[in-house]
Every structure is written in structure tokens, then in C-alpha cells.
Amino acid sequence: MAFDTRHIAGYRRMAFKRAIAMVTALVVMLWLVILDLSIGPSGMPLSDVIDAVLAGPDGADRATATIIWYLRMPQSLMAVIVGMCLGIAGLQMQTILDNPLASPFTLGFSAAAGFGAALSIMFGAALPLPEYLITPIAAFAMTILACVIVYGMVHALGETPEILVLCGIGVLFLFQSLQSLLQYLASPEILQQIVFWLFGSLLKANWTSVTVTSLVALACLPFILHDTWKLTVLRLGDANAASLGISVGRLRRRSFVLIALLTAAAVSFVGTIGFVGLVAPHVAKALVGEDHRFAIPLSAMVGAVILASASVFGKLISPGGVIPVGIITAVAGIPMLFLVIYARKRRSS
């Protein structure tokens, strides 16, 4: 009886801790979005921003409504959506590979997107499509192509985490080499465009990109939620998961496709953004544990917080010319990763 009482008390403490973490992450995320909307070259009081948001895109103050709803809002929402996609994809990647250093870009998806973008920037003018659509379509298509290549190699060689990682690394170096070849052949003007895309910037965001990325994420969501329990069990090892009736190979394949779709949707419009998918899952698991019912939504919100923070920081240090968020996340991700490693070491000791 005493054991049951202690067990119930411990469960309640954990549930309270999880609830606090989820609510805090949500509040911080919303606060950062409002703060991000209030920062810009034109300057705007926070009260005016809140009024403009509440008034909607058809508000009486047309100048403020235009700035908030058509210039800043897509970028702020894109930071949240992309951060969520990368956070969820990173958690799933670390789970199916059983590797704490895995991220959405481990299997070469980022390099494939970069190659697709570089290809479209160099030769896209020959296609009968608007320029703002060619690069995202090419980046998305190449990311899916990388997924198909890795999937085919894994299907032929064996569906194990080790084979998956090795095939992914091979595809990563393949597309990085092709990307470097295009940069070498490009003219200085084209090279500048390619490099800027690879930096990762929210300045490319618009309502079209927000809509497309949101639709892809929402389409993946039911499958992600359906597998939360299975992914939690997979953390106990393949043998334990199989003993409970879970088809481990099928689960990995399904998760692999979802990771590819989420990553492709995230990077196609805004470019390469690193470290979010690596750090966000570790922060989430440190706060709520390995249970994916809580780790998935928290990892999504932490990813959104990281990217929204990078957007705010970039605007603060360079109001006239916003620093690409990909550079900020890469620099800030290093100390964040060290902090996560230190926290894991303290818990295990």
C-alpha cells in the first residue's frame, strides 16, 4: 500500500512537471511571436502590434495592418511552423535511429534540398514557372529524392539503424558534392544567391509558404500521433518493441517518410536551418521524459521557441539588414548542445 501511495505521488509530481513545462513553452512561444511582430525597421509600439493583430488584416489602420499582416506575420508564423517541423522530425529521428546525435539532416535531406535550390537558381529561368515557386519545388523534390534513395538502399541492405545511418551519410556526401560542384560552376551573382539560400532566412516567407508548410505538417500529424505509443516503446529497444507486437521495420519506414516530409516542408521555403532538430528533442526529453505523448508536442514548441528567438535576436542586432536565422541557430546551437550534454551527464551520474 505504501508503495502504491509513493508511486501515485511520484506520478502526480511528474504530471505536474509536464503540465508546467508544456504551458511555459506555449506562453514563451506566443510571447516571442508578439515580440517578433513588434520588431522591425519601421518600429512599432507593442500596443499597436496587439491592436493590429486583434483587428485582423482588414483593420482600420491600413499602414499598420499591411506591415503586421503581410510583411511580419508570415515570417513570424513561418518561424513557429518550421521550428515545430524540425523539432518533431528531430525527435523521431533520434528515436528510430536510437542515436542522441541524430537530426533531420543526418540522412542527407538538408544537403539534397540545398542541391535542389542551387540547381533551380542556376537553371530555373528556363522553366515556365514563377521564380518564387521554382526554388521551393526543386528543394522539396530533391529532398524526397534523397528519401527514395536512402529508402531503396536500406530496403536492399537491411532495415537496421546502423544501415540507415550509413546510407544516409552516403547520400549526404553525394548531395554535398553535387552542391559544391554547382557553386564552383556558378557565376558570382548566382553564387551569392545560392549561398544566401543555404544560410536559411525567414525573409523568403510569405502566406503561400506558410500555407503549404502548414498543410504538409497537418497531413503528417495524424500519423505522428498514431505512433506516439509505439515510438515510446521503441526507446526500450527493438526486441522489447517486437515482443509487444510492434512491427519495428514498418514503424521505422513510416517514421522515415514522415521525417522526410516534415524536413522537406521546413527547408524548402526558408533554406537550411541547423541545430533546431538536434537540440529541441533533448530539451523536451529533459523536461518531460521519453513518453512521446508529451515529448512530441513539447519538442515542437521548443523548436518553435528556438527559431522565434533566433528571429528576434537577428532583428535586434541588425535592424536594417536582418541576419539569417540559420547563422544564428548554428552559432547558438553549439553552447545549447553543450548545456544539454552537461545536463544529461549530471542526471546519469
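Which residues in α4 meet which residues in α6? In this predicted model, Ala111, Ala112, Gly114, Phe115, Ala118, Leu119, Met122 and Phe123 of α4 meet Leu172, Phe175, Gln176, Leu178, Gln179, Leu182 and Leu185 of α6 (contact means heavy atoms within 4.5 Å). These residues divide into 12 nonpolar, 3 polar and no charged (Ala, Val, Leu, Ile, Met, Phe, Trp, Tyr, Cys and Pro count as nonpolar, Asp, Glu, Lys and Arg as charged, the others, Gly among them, as polar).

Local features need pLDDT of at least 70 and side-chain atom pairs count only at pLDDT 80 or more, while totals for chains, interfaces and linings use all residues. Residues are numbered from 1 along each chain as its sequence is written, and side-chain values use heavy atoms, leaving out hydrogens and water.

The axes of α4 (residues 109-123) and α6 (residues 161-185) come within 8 Å and cross at roughly 25°. Axes are lines fitted to C-alpha atoms over the stretch in contact, with angles from 0 to 180 degrees between N-to-C directions. The two helices are therefore roughly parallel (angles under 35 degrees). Helices are DSSP runs (H or I, at least four residues), numbered from the N terminus.

Gln75 lies in helix α3 (residues 62-97). Gln75 counts as buried because its relative accessibility is 15% (buried means under 20% relative accessible area, with a 1.4 Å probe and protein chains only). Beyond four places in sequence, Gln75 touches Leu202, Leu203, Ala205 and Lys315.

The structure holds 0 disulfides (pairs of cysteine sulfur atoms within 2.5 Å). The sulfur of Cys85 is 7.7 Å from its closest cysteine sulfur, in Cys220, too far for a bond. Cys85 is buried, at 2% relative accessible area.

Terms used. Buried < 20%, exposed > 50% of the residue type's maximum accessible area, 1.4 Å probe, protein only. Parallel < 35°, antiparallel > 145°, perpendicular 65-115°, else oblique.
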